[in-house]
Amino acid sequence: MKVIYEKPKSISDKTFHYCPGCGHGIAHRLVGEVMDELGIEDKTVAVVPVGCAVMAYDYFECDVMEAAHGRAPAVATGVKRCLPDKVVFSYQGDGDLAAIGTAETIHAAARGEGITVIFINNTIYGMTGGQMAPTTLPGQVTQTSPFGRDPYTQGWPLKMCEMLSTMTGPAYIERCATDTPAHIRAAKKAVKKAFTYQIERGAYSFVELLCACPTNWGMTPGEARDRVGSEMIPYYPLGIFRDICDIKEGK
Amino acid sequence: MNTAEIDKKRCKACGLCADACPKKIITINPYAESAYGRGCAEVSDGCVGCGTCAVVCPDIAITLRSV
Ligand SMILES: Cc1ncc(C[n+]2csc(CCOP(=O)(O)OP(=O)(O)O)c2C)c(N)n1
Ligand code: SF4
């Protein structure tokens, strides 16, 4: 029997601890598939966050370092500068990347550090029980915004791709979603391109993946998947926000 | 002939594959044993090997084979 598709070799046999329907699993798979396709598993170093993906070191078969909350881009910077031949990526949630780690995120991008950042935006703090994140949508009910996020007192959601795309440092910035098969296939292309930019140009690349958190949204996996399309994508439009190749060609 | 095989050690019965399957041949059996001991996807005959289920599966529980 010919195998058409199987679990990527870069992902371990351990059962994910994520909730049923969680977007982290899809993101892990995409990164694993890309590592397989590029054949970089043995020279990749992942830097994993604090958040639901804190135990991602059990799942990625490459070398993995655990960073303090929000500090993954700083740790990844250190790894990449000491071992420039390695492929280094950070994998971070929205609380990790856009709240406690905003400074590290912005400055790693501003320096154009030769790393890839995989950003899992699920509009909530998953691991700690569903508090409001910087990316929580206006009106969204969370543990710490029980009447819905009011932007006039709690601020407007951060759009990280748009923010980072104003800088000169990053080579590639794209936002993708993990709700439909077509979006997931496009997301894989983006992840692959991000790694390729790092390998071929030593450049900084950033991919945001809009993901579902059924548990803390209080939804079934199917409802949560649909919310990504109906509520998140209108606020966080998909697309390429910066691509150094297009800029060079004057597009 | 194609088959989609569900890894019972990984499946959590989220049902996303059943929704995505264009042939609607995947069902969630709430009593079957799986990762959490409750509920698992089951595939009946008629798979065309499109792989849509594997694309949406958050737990990498699906292997596709063709004969
Ligand atoms: C220094 C520090 N502050 C706060 C926490 C508590 N904490 C753990 S995970 C987390 C938020 C994680 O949310 P996110 O990054 O969105 O990841 P998700 O769980 O949604 O994947 C917080 C605040 C911590 N572990 N360390
Ligand atoms: S709490 Fe949310 S982000 Fe965390 S594993 Fe569950 S669904 Fe995923």
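Analyst: Happy to. For the classes used below, Ala, Val, Leu, Ile, Met, Phe, Trp, Tyr, Cys and Pro count as nonpolar, Asp, Glu, Lys and Arg as charged, and the others, Gly among them, as polar. By those classes, the largest pocket is lined by 11 nonpolar, 2 polar and 9 charged residues. This is a predicted model, where local features need pLDDT of at least 70, side-chain atom pairs count only at pLDDT 80 or more, and totals for chains, interfaces and linings use all residues. Residues are numbered from 1 along each chain as its sequence is written, chains are lettered from A and ligands numbered from 1 in the order in which they are written, and side-chain values use heavy atoms, with hydrogens and water left out.

User: What makes a space a pocket, and what makes a residue part of its lining?

Analyst: On a 1 Å grid over the protein atoms alone, a pocket is an open set of points with protein on both sides within 12 Å along at least five of seven lines, and lining residues have an atom within 4 Å of a point. For the largest pocket, 22 residues line the space, and the closest to its centre are A:Y5, A:E33, A:E37, A:K188 and B:V55.

User: How much space lies in the largest pocket, and which helix gives the most to its lining?

Analyst: About 390 Å³, where a volume is the space filled by probe spheres set on the grid points, joined across faces, edges and corners. Helices are DSSP runs (H or I, at least four residues) and strands likewise (E, at least two), numbered from the N terminus. Helix α7(A) gives the most, with 6 residues. At least two lining residues each come from β1 (2–5), α1 (23–38) and α7 (181–201) of chain A and from α2 (52–56) of chain B.

User: How do you know which pocket ligand 1 takes?

Analyst: A molecule sits in a pocket if more than half of its atoms lie within 2 Å of its grid points. By that rule, the space taken by ligand 1 is the second largest pocket, with a volume of about 230 Å³.

User: Why are there said to be polar contacts between ligand 1 and the protein?

Analyst: A polar contact is a pair of N or O atoms within 3.5 Å. An oxygen atom of ligand 1 is 2.7 Å from a polar backbone atom of A:D96, and one is 2.8 Å from a backbone N or O atom of A:G126. An oxygen atom of the ligand is also 3.1 Å from a side-chain N or O atom of A:N122, so these pairs meet the cut-off.

User: What puts a residue in the shell around a ligand?

Analyst: One of its heavy atoms must lie within 4 Å. Ligand 1 has 16 such residues, with A:H24, A:D94, A:G95, A:D96 and A:G126 the closest. Around ligand 2, they include A:C19, A:C22 and A:C213, and the shell has 6 nonpolar, 5 polar and no charged residues.

Key
On a 1 Å grid over the protein atoms alone, a cavity is a set of points where a 1.4 Å probe fits but cannot get out, and a pocket is an open set with protein on both sides within 12 Å along at least five of seven lines; lining residues have an atom within 4 Å of a point. A polar contact is a pair of N or O atoms within 3.5 Å; within protein, one must be able to donate a hydrogen and the other to accept it, and residues adjacent in sequence count only if both atoms are side-chain atoms.
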